[in-house]
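Please examine the structure shown below. The briefing that follows treats helix packing, aromatic pairs and backbone geometry in turn.

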Amino acid sequence: MTYEKTVKYLYDSVPMFQNVGAAGYKEGLQNTMTLDEHFGHPHRRFRTIHVAGTNGKGSCSHTIAAMLQSEGYRVGLYTSPHLVDFRERIRINGKCIGKQYVIDFMENERAFFEPLHPSFFELTTALAFKYFAEERVDFAVIEVGLGGRLDCTNIISPELCIITNISLDHTQFLGDTLAKIATEKAGIIKHATPVVIGETTEETKPVFVATAERNEAPVFFAENENIDDYEGMEFELKGSYQQKNRATILCAARQLGISREAIRKGLATVCEATGLTGRWQTLGTQPLVICDTGHNAGGWQYLAQQIRQVECSTRRIVFGMVDDKDIDAVMSMLPQDAIYYWTQAETKRAVSSTAIMEKGRGYGLSGTHYPTVSSAYRAALADADATDFIFVGGSSYVVADLLTEFAPPC
């Protein structure tokens, strides 16, 4: 099979949460353990860092990987979702897994895994761990897919666990309170393994403290750590929300013993070093065009404020969401002085552009709907003057569709 046919087979044969939502979520670790045993427990052949949380997992994972690369290590990076190419999920020192490796894995192993009916994420995790082991990485930074306790990445025995923050997202799987969601995320905490907590609330902090105590795990709260000695170091990721992530990253780097120079270089070159895209990413300057993958109320608390702070003649926002997010919570934060280009991403989970437009009207937001992200973006670009600001977001899938207009990352 060609790479394109292989990826289509992968998408069609196993349910992918990115495309189908709840139908792609499998609770429990039995398939993961069966796959892991079949491949000879590959995750035991390299050191790992495990990253969970509602928002900021990707930024933290990529930046820590960049720091470890700057220290001279060969570093695997496993993250999700991908934006343009499936291979973005699995990288070594910023380079995507090869197309031929993906083809060979599917062709050689399908007789074993097809009877298991694994989820997309279960199979992709097995692929990543096998690849990292065969390529002899020193470290792998592993981002949790969803939750933590029952996530299929949770078979690893990491050097360090990181939980970035907790907000209400994926409540149908993880629980409808912050404490319940924190309990699921805290499931990655292992016996005697240090854990860094990025942000807490009155509801979540007791959960983390109790779970760490039960596991005799040293716990470090980034919001309480003194990181003044890192002041002045440039952080390539410019979103205002990245300041919270920066504190988490620096606390984690300290626990990992990463040198000051590697920390400085990793912060400054994270996108170049790891291929990270979609985080307050500048795509044009006249007019200013920014995209960001923030997709829930927790992320938009920061994004809405930063959008308002951009100096411009007119704000133009290309916006769409998917159906399992709290649309009302996000809508209530959107700036009313902007012109909206309502759209829908090419995923079955997308809310239709007409429905999102009607929802926006209820919040005093005006604009026109477009059937695709490309058409919405091109309309905004055609309407804009050089001093305008175009923001594209609301969903990772909206950003993914936009980035297909630009050079793919792999």
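**Briefing on local geometry**

Helix 5 (residues 99-113) packs against helix 6 (residues 120-134) at an angle of about 120 degrees, and their axes are 11 Å apart. The model is predicted: local features need pLDDT of at least 70, side-chain atom pairs count only at pLDDT 80 or more, and totals for chains, interfaces and linings use all residues. Residues are numbered from 1 along each chain as its sequence is written, and side-chain values use heavy atoms, with hydrogens and water left out.

**Helix packing**

- Helix 5 is therefore oblique to helix 6 (angles under 35 degrees count as roughly parallel, over 145 as roughly antiparallel, 65 to 115 as roughly perpendicular and the rest as oblique).
- Helix 5 contributes Y101, F105, M106, E109 and F113 to the contact, and helix 6 contributes L123, L127, K130, Y131 and E134; contact means heavy atoms within 4.5 Å.
- Seven of the residues in this contact of helix 5 with helix 6 are nonpolar, three are charged and none is polar (Ala, Val, Leu, Ile, Met, Phe, Trp, Tyr, Cys and Pro count as nonpolar, Asp, Glu, Lys and Arg as charged, and the others, Gly among them, as polar).

**Aromatic pairs**

- The count comes to 17 aromatic pairs, where rings of Phe, Tyr and Trp (its six-membered ring) pair if their centres lie within 6.5 Å; planes under 30 degrees apart count as stacked, over 60 as edge-to-face and the rest as tilted.
- The ring centres of F86 and F120 are 5.9 Å apart and the planes stand at 80 degrees, so this pair is edge-to-face.
- F86 belongs to the loop between strand 2 (75-78) and strand 3 (90-92) and F120 to helix 6, so the pair ties together parts 34 residues apart in sequence.
- F86 is buried at 2% relative accessibility (buried means under 20% relative accessible area, exposed over 50%, partly exposed in between, with a 1.4 Å probe and protein chains only).
- F319 and W342 also form an edge-to-face pair, with 5.9 Å centre to centre and 90 degrees between the planes.
- This pair links F319 in strand 11 (residues 315-319) with W342 in strand 12 (residues 339-342), 23 residues apart.

**Backbone geometry**

- The peptide bond from S80 to P81 is cis, with omega near -5 degrees, and P81 lies in the loop between strand 2 and strand 3.
- A cis peptide bond also runs from Q286 to P287, with omega near 10 degrees.
- R136, a residue other than glycine, has a positive phi near 55 degrees, and R136 is exposed, with a relative accessible area of 69%.

Key: Axes are lines fitted to C-alpha atoms, for helices over the stretch in contact, and angles run from 0 to 180 degrees between N-to-C directions. Helices (H or I, at least four residues) and strands (E, at least two) are DSSP runs, numbered from the N terminus.
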